[in-house]
Amino acid sequence: MIPILSAEKITKDYGKEKVIKGITLAIYQETFTVILGPSGSGKSTLLNILSGMVKPTTGTVKYEDKIITALSQTELADWKRNNIGYVFQNYMLLSNLTAEENIKVGISSKMTPLAFDRLTHILEIDGLLDKFPAQLSGGQQQRVAIARAVIKGTHLIFCDEATGALDEENSKKVVELLHSLKNTFGVTILFTTHNEQIAHTANRIITMKDGMIISDEENESPISANDMIWR
Amino acid sequence: MLENIRLSLQGLWSHKMRSFLTMLGIIIGIAAIIAIVSTIKGTNEQIKENLIGAGDNTVNIQFYQGDYPYEIDYNGIPDGVPVISEETRQQLLDLKHVEGASLYTSREAYNVVYYKNTGLSGGRIYGVDRNYLDTCNYIIKKGRGFTESDYKKFRKVALLDESSAETLFQGEEPIGKTLEIQREPFIVIGVIAKSSQFEPVINTIEEYYDYSQNNNGALYVPDTTWPILYSYDEPQSAVLKLDSVDNMTVAGRSAAEILNSKINVQDDTMKYKADDLLKKAEDIQKLGQSTNMMLIWIAGISLLVGGIGVMNIMLVSVTERTQEIGLKKAIGARKGKVLGQFLTEAAVLTSLGGLVGVIVGIVLAEVISRVTGTLMAISVPAAVLAVVFSMFIGILFGLLPSYKAANLNPIEALRHE
């Protein structure tokens, strides 16, 4: 199998502090991979490096056969726009735009986006499109944010603690929807969390501690999002 | 770009009060400049109109000695100044911007014109050719004008202007009456007046001299009868009718050159000169110009302050929208796009300010004009320039905040609370 994304010996130092200490990994297409770890383990930094938002101190990141750590700022911006989606813990919707406008904010005229109606229907936000973020619940806002990440027809979605601000019901819904997007549109999902239950729904669980991967396992029998036991 | 403008307008609308207060500096600056420029332009038009008269596009070319018109009454007929031929008149007519050309001879009419016991003191007497009335825009108020046969048959007929008719006849009907000019009887056949009434505003003694000859009354006879009164070979003057007041200087100068090429005089200071009222108007306008420039500079300072206000608000806006910028950069917005968005916003803000400023400025100029009674004239180029300039201010003062926004680190920006 050809990896969609691969990292080769990446490190990240912030001054004297070594946040990522030499990580090599490959992410495969149409998988749901969870990076699990307590806060401070370096999982968000790893995600930011893999998504091109932060440059590693050493090492390279490749998307298919393109070395993204070698791209110029403009090339990197173009790559991000055309190839990846990002879902944040605190949704990051623009307060002065409606849900529909927020979803379409990253689409450029050169793109062939996914069918808007189908996507919003799957995410169950088709009735909320004219609402502003302040009029939506956290779960609804996060679903709008997911739609924004996916609409471009991107194959790789980064989710950074995407359920971190949600309650049990909404968290389950978001995880379930991400799985169904993976199956429907064939997207690859990379999900950081400290929640082991979410990890159990994934195809692969990478566990981090102190800037290093301490385990990397295939999950032979993922559970469904609804079967997660919230504590 | 259009999307950026739409977003900017949306952003401005969502902060109405703040946007308005930010624009206020620009509005005041632009309004002040527009009001000043409109008033200056109005004053300049007024000066021109006072001096030249609206709609009277004629220029006189007279024979001068030194700085004053040649006084034949005191100096006699000069040598070397030939009678201007019809061919030369045609040459004048062929000049650019010239629509009519006429020749005339004139003298002071002091104690030479009488009706019964009433004399015309002051004023002038003119011997005019067939084109004179047309060229100078005279209309017949009473009676008739000169006919071809008046010229051919050397008829002793005269036309009066309203001022001389009033002086000589004092309310009596002048038409058909006989005047005595240089002891010769002349029959009054008509009263003429300028087609457009022109009331000059006289501020200086020089201006008084410019108009006194017209205001003391004038009397016209066919030039063919002039030798009956005076001499055939007196230096003539020419009057040109032009397509526009603005061409007075150029056409007057060219005509004087043509006439001067025909003369052959010993005294170098004796030559034809056009009375350049346009230049005189411009000289007066120039007097006020340094004050006006000062006013514009002061208004410019207000624009500078306005621009700094814009920069300040744009910096606040960048801080407020740090997360938005972070998000846009995270999902792949190029640096240039973020820069463009903020620059557009600043430019839209100041252009709107400029537009409102132009409107306020025009209203202000109108008010000043009503209150002080001076003319005002809106300068369209100045208004367009003002809006473009305010846009430029937006871009200039928006550069720093926009640059700051474009260079935000997306991760730090996203973490910003």
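This is a predicted model: local features need pLDDT of at least 70, side-chain atom pairs count only at pLDDT 80 or more; totals for chains, interfaces and linings use all residues.
Trainee: Which element gives the most residues to the side of chain B that touches chain A?

Mentor: In this contact, 14 residues of chain B meet 15 residues of chain A. The elements of chain B that contribute two or more residues to its side are α1 (2-14), α12 (322-330) and α15 (410-415). The greatest contribution, 4 residues, comes from α12(B).

Trainee: By class, how many residues on that side of chain B are nonpolar?

Mentor: Sorted by class, the side of chain B that touches chain A includes 3 charged and 4 polar residues. The number of nonpolar residues there is 7.

Trainee: Which strands of the open sheet in chain A stand at the edges?

Mentor: The sheet has 4 strands in the order β2-β1-β4-β5, and their pairing is antiparallel. A strand at the edge has a single partner, so one of its sides is left without a neighbour in the sheet. The strands of chain A in that position are β2 (17-28) and β5 (66-67).

Trainee: Which residue of β5(A) stands opposite A:K62?

Mentor: Strand β4 of chain A, residues 58-63, runs antiparallel to β5(A) and is joined to it by 2 bridges. Opposite A:K62, the residue in β5(A) is A:I67.

Trainee: Among contacts in chain B between residues at least 6 apart in sequence, what share joins residues at least 24 apart?

Mentor: Chain B comprises 15 helices and 13 strands, and 40% of its 417 residues count as buried. Of its contacts between residues at least 6 apart in sequence, the share that joins residues at least 24 apart is 84%.

Note on methods: Residues are numbered from 1 along each chain as its sequence is written. Chains are lettered from A and ligands numbered from 1 in the order in which they are written. Two residues are in contact if their C-beta atoms, placed from the backbone, lie within 7 Å. Ala, Val, Leu, Ile, Met, Phe, Trp, Tyr, Cys and Pro count as nonpolar, Asp, Glu, Lys and Arg as charged, and the others, Gly among them, as polar. Two strands pair if DSSP finds at least two bridges between them. A residue is buried if 20 or more other C-beta atoms lie within 10 Å of its own, exposed if 12 or fewer, and partly exposed in between; C-beta atoms are placed from the backbone.
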